[in-house]
Amino acid sequence: MALTVSLVSPERKLWTGTATFVLARTTEGEIGVLSGHEPVLGVLAAGGVVRIDTETEGKITAAVHGGFLSVDKDVVTILAEVAELAGEIDVARAQAALERARNEESEHATEAAHRAEARLRAVAGLHP
């Protein structure tokens, strides 16, 4: 049985479809979701990557910066504060942002570094 998955942010619906597996990083650790998973509500970690495995489109990866993950009866809803699909990420821009953030010492710089690292992990197709 397949999962029905929606990945949305306040700006737009990034992806909706059926999947065989979802992997995400929550504030409690990584969670993998297969069909038949128990209901759960998790808080997504800032600077994480979500991977959605589909039978028809392959792997969908996105950099996700905060939000929630809900699982209920083979329906997975990912409500991200900010999310970017891997194919939409400008790698050079993400690398430059990471370098700038590493050269600063502030809470804002640390958050910026986490966002840039998540973008680069999403592009590389790495797990959360």
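Trainee: Among contacts between residues at least 6 apart in sequence, what share joins residues at least 24 apart?
Mentor: In this predicted model, 54% of those contacts in the protein chain join residues at least 24 apart.

Trainee: Which helices and strands are there, and in what pattern?
Mentor: The protein chain has ten strands and two helices. Read along the sequence, the pattern is β-β-β-β-β-β-β-β-β-β-α-α.

Trainee: How does the radius of gyration relate to that of a compact globule?
Mentor: For 128 residues, a compact globule would have a radius of gyration near 14 Å, and the protein chain agrees because its value is 14 Å. The C-alpha trace spans about 50 × 30 × 25 Å along its principal axes.

Trainee: What part of the chain is buried?
Mentor: Buried residues account for 45% of the 128 residues. The accessible surface comes to about 7000 Å², and carbon and sulfur atoms contribute 52% of that surface.

Trainee: Which residues touch the most other members of the largest nonpolar core?
Mentor: They are Val 5, Val 22, Ile 52, Leu 69, Val 76 and Ile 78, in a core of 23 residues. Apart from that core lies another, of seven residues, including Ala 63, Ala 86, Ile 89 and Ala 118.

Trainee: What is Val 5 in contact with, leaving aside neighbours within four places in sequence?
Mentor: Val 5 is then in contact with Trp 15, Thr 16, Gly 17, Ala 19, Val 22, Ile 52, Val 76 and Ile 78.

Trainee: Turning to Ala 62, is that residue buried or exposed?
Mentor: Ala 62 counts as buried because its relative accessibility is 0%. Its place is in strand S7, residues 59-64. Beyond neighbours within four places in sequence, its contacts include Leu 7, Val 50, Leu 85 and Ala 122.

Trainee: Where are Lys 73 and Asp 74?
Mentor: Lys 73 is in the loop between strand S8 (67-72) and strand S9 (75-80), and Asp 74 lies in the loop between S8 and S9 as well.

Trainee: And which of those two is exposed, and which buried?
Mentor: Lys 73 counts as exposed, because its relative accessibility is 72%. Asp 74, at 11%, falls under the 20% cut-off and therefore counts as buried.

Trainee: What are their phi values?
Mentor: Phi is near 50 degrees for Lys 73 and near 65 degrees for Asp 74. Each is a positive value in a residue other than glycine. Most residues other than glycine have a negative phi.

Trainee: Last topic: how far apart are the mean positions of the positive and negative charges?
Mentor: The mean positions of the 12 positive and 19 negative charges are 4 Å apart.

Terms used: Residues numbered from 1 in each chain as written. Predicted model: local features only at pLDDT ≥ 70, side-chain atom pairs only at ≥ 80, totals over all residues. Heavy atoms only, no water. Helix = DSSP H or I, 4+ residues; strand = E, 2+ residues; numbered from the N terminus. Rg over C-alpha atoms; globule rule 2.2 N^0.38 Å. Buried < 20%, exposed > 50% of the residue type's maximum accessible area, 1.4 Å probe, protein only. Contact = heavy atoms within 4.5 Å. Areas by Shrake-Rupley, 256 points an atom, 1.4 Å probe, with all protein chains shown as cover. Lys, Arg positive; Asp, Glu negative; His and termini not counted. Charge placed at Lys NZ, Arg CZ, Asp CG, Glu CD. Core = buried A, V, L, I, M, F, W, Y, C linked by side-chain atoms within 4.5 Å.
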